[in-house]
Amino acid sequence: MPAGAQPEPRSVRRIDSGVSAGSDSGEFIGSPSMAVLTLRKSRSNHDDLGFQRGDDRNFAVPEGQAARQRNSRFMLVLCGLVSLWLGWTCYYSYHRADMIASALSYSKYVQHALSSGPVPQQFLLLMMRFWTFFGDLAFFIFIISIILHSFDCHFSYDVFSIVISTTYVGLLLKMLHSEPRPYWLDGGIVAWDCSSEFGYPSTHAMSSLYLFGYMAIRLAQREDCAWSRAQKALIAVSTLSFVSVITFSRVYLGAHDYLQAVAGWIYGALLLTAHIWVEPYAKRWLTRHFADKSLPYSLLFFFGVTSAMIAVAAAIWSVRASVFVIPEKWHVNISLSNCNLPKFKIDTEEELRLLFVTCFCFAAIGPGIMVRRQYAPDGLTPAVWWKRALRYALAAPFLVFFEVVLAALLPKHPLVISLFLRYGMRYFIGMFVQFGVLPLLHIKLGLAEVQQSSKTSRSS
């Protein structure tokens with residue numbers, strides 16, 4: 001070490017990002033009081049949302065005392081959330097009948113009070129369905145595609161991982177609890193939104209709190225905005241209000257009661273806290289593990305994990321199907337609830353189909369990223385607005401093709417063929433094209449340029 005040079009703080013660990021300390025393109029700033037590694041870079045290394053971009057290696061990895069303090073804080077929050085979940089579960093188990101009766105009465109009161117109000121019912125239904133769309137899987141795939149092609153691919157990977165995890169975990173929890181939806185128990189509740197899977201917990205409440213909460217945290221952590229405490233509080237309140245409106249729309253449409261919504265919030269908060277805690281360590285492991293791996297290795301790894309996910313889901317579904325029989329009274333209540341789907345019946349296979357969609361989407365993202373890294377290892381540079389709009393306009397027909405055209409052409413029966421073709425390979429190929437093929441097409445058409453990191457620039 002040169003004379004007079006200060007040693008690097010032990011609380012910060014340097015991650016190879018291709019930017020040396022004190023270089024023209026950026027510098028590392030650290031002190032013992034800092035809990036994370038801060039990287040200041042030029043505007044060209046930030047995406048159009050203002051988030052930091054690069055080669056997936058520029059992320060904060062606390063070490064030493066900073067890591068112990070960070071882990072202690074997250075353990076305290078997680079212990080509090082787990083205690084809340086245990087208390088809620090125990091209280092719900094002991095007072096289940098009374099709580100369900102109260103929840104059903106509240107659902108009927110909400111529907112009657114709003115329907116008899118001054119707002120026309122058709123307009124009210126339109127607004128509620130509009131808000132509930134923000135928690136649908138179709139919306140998440142839509143927004144992921146926009147972020148991927150119009151803003152920044154790295155941030156889309158984070159959003160994609162959240163969508164996959166919350167959908168998979170939510171469907172498994174529904175199969176484990178096997179709690180009916182409100183209009184299955186009470187024919188007096190109008191079912192404006194009919195669904196075949198069980199209702200506890202509400203995946204709309206869970207996924208919206210998880211996803212939009214994560215996006216709010218990322219927004220509050222933007223390096224180019226010096227948010228005050230009041231502004232951060234406004235971001236938090238706005239996010240919670242948005243999630244609350246989505247959740248309330250599910251209650252009004254009869255898809256869930258408030259018990260299922262509260263359970264969704266608790267599970268969503270648990271997932272969000274765990275995600276933020278393990279995110280830097282998971283990214284570091286993935287970067288080191290897949291930095292020099294080939295595409296066949298990536299395919300084998302992700303298909304192995306996907307097979308394990310499918311096996312767990314199929315085992316739980318099979319056990320539930322063998323020991324649980326749907327009461328005939330539920331079908332009677334559904335017929336009385338004015339369900340807007342003709343001849344609607346509870347179809348427990350729908351949960352398995354949605355799980356296959358989730359698993360095969362997960363299997364596609366790894367190979368897609370590996371293919372993209374072959375020609376654009378550091379991502380794509382920011383572009384003018386009309387180029388970003390054209391990039392998404394080029395990607396939209398592929399979404400329509402895989403979501404609508406193939407859905408109409410591929411067989412619905414028997415179940416095994418439907419799972420692997422209609423729901424499995426359709427989403428695998430669709431996500432692989434979105435993440436791995438379309439960015440290359442954008443480059444060939446001049447709608448995007450390959451991002452050059454400082455490490456690549458020096459080597460060239």
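How accessible is R96, and is R96 buried, partly exposed or exposed? At 36% relative accessibility, R96 counts as partly exposed, where buried means under 20% relative accessible area, exposed means over 50% and partly exposed lies in between, with a 1.4 Å probe and protein chains only. The model is a predicted one, in which local features need pLDDT of at least 70 and side-chain atom pairs count only at pLDDT 80 or more, while totals for chains, interfaces and linings use all residues. Residues are numbered from 1 along each chain as its sequence is written, and side-chain values use heavy atoms, with hydrogens and water left out.

R96 lies in helix α2 (residues 96-115) and E179 in the loop between α5 and α6 (182-185), so the pair ties together parts that are 83 residues apart in sequence. Helices here are DSSP runs of H or I with at least four residues, numbered from the N terminus. E179, with a relative accessible area of 10%, is buried. By the salt-bridge rule the count comes to six.

Next, select S178, which is found in the loop between α5 and α6. S178 has a positive phi of about 55 degrees although it is not a glycine, and at 10% relative accessibility it counts as buried. Most residues other than glycine have a negative phi, and most peptide bonds are trans. With that in mind, move to the peptide bond from Y200 to P201, which is cis, with omega near 0 degrees; P201 is found in the loop between α6 and α7.

For another salt bridge, select R218 and D158, whose side chains meet at 2.9 Å, N to O. R218 lies in helix α7 (residues 203-220) and D158 in helix α5, so this pair ties together parts that are 60 residues apart in sequence. Both R218 and D158 are buried.

Then select E197 and K174, where the salt bridge has an N to O distance of 3.9 Å. E197 lies in the loop between α6 and α7 and K174 in helix α5, so the pair ties together parts that are 23 residues apart in sequence. K174 counts as buried at 1% relative accessibility.

Now show helix α4 (residues 137-151) with helix α5 (residues 153-177), whose axes come within 8 Å and cross at roughly 165 degrees; the axes are lines fitted to C-alpha atoms over the stretch in contact, with angles running from 0 to 180 degrees between N-to-C directions. The two helices α4 and α5 are therefore roughly antiparallel to each other, a label given to angles over 145 degrees.

Finally, select A395 in helix α13 (residues 385-409); A395 counts as buried at 0% relative accessibility. A395 and L438 are 43 residues apart in sequence and 7.0 Å apart in space, C-alpha to C-alpha. As a last stop, select I417, which lies in helix α14 (residues 415-444) and is partly exposed, with a relative accessible area of 39%.

Notes
Angles under 35 degrees count as roughly parallel, over 145 as roughly antiparallel, 65 to 115 as roughly perpendicular and the rest as oblique. A salt bridge is a side-chain nitrogen of Lys or Arg within 4 Å of a carboxyl oxygen of Asp or Glu.
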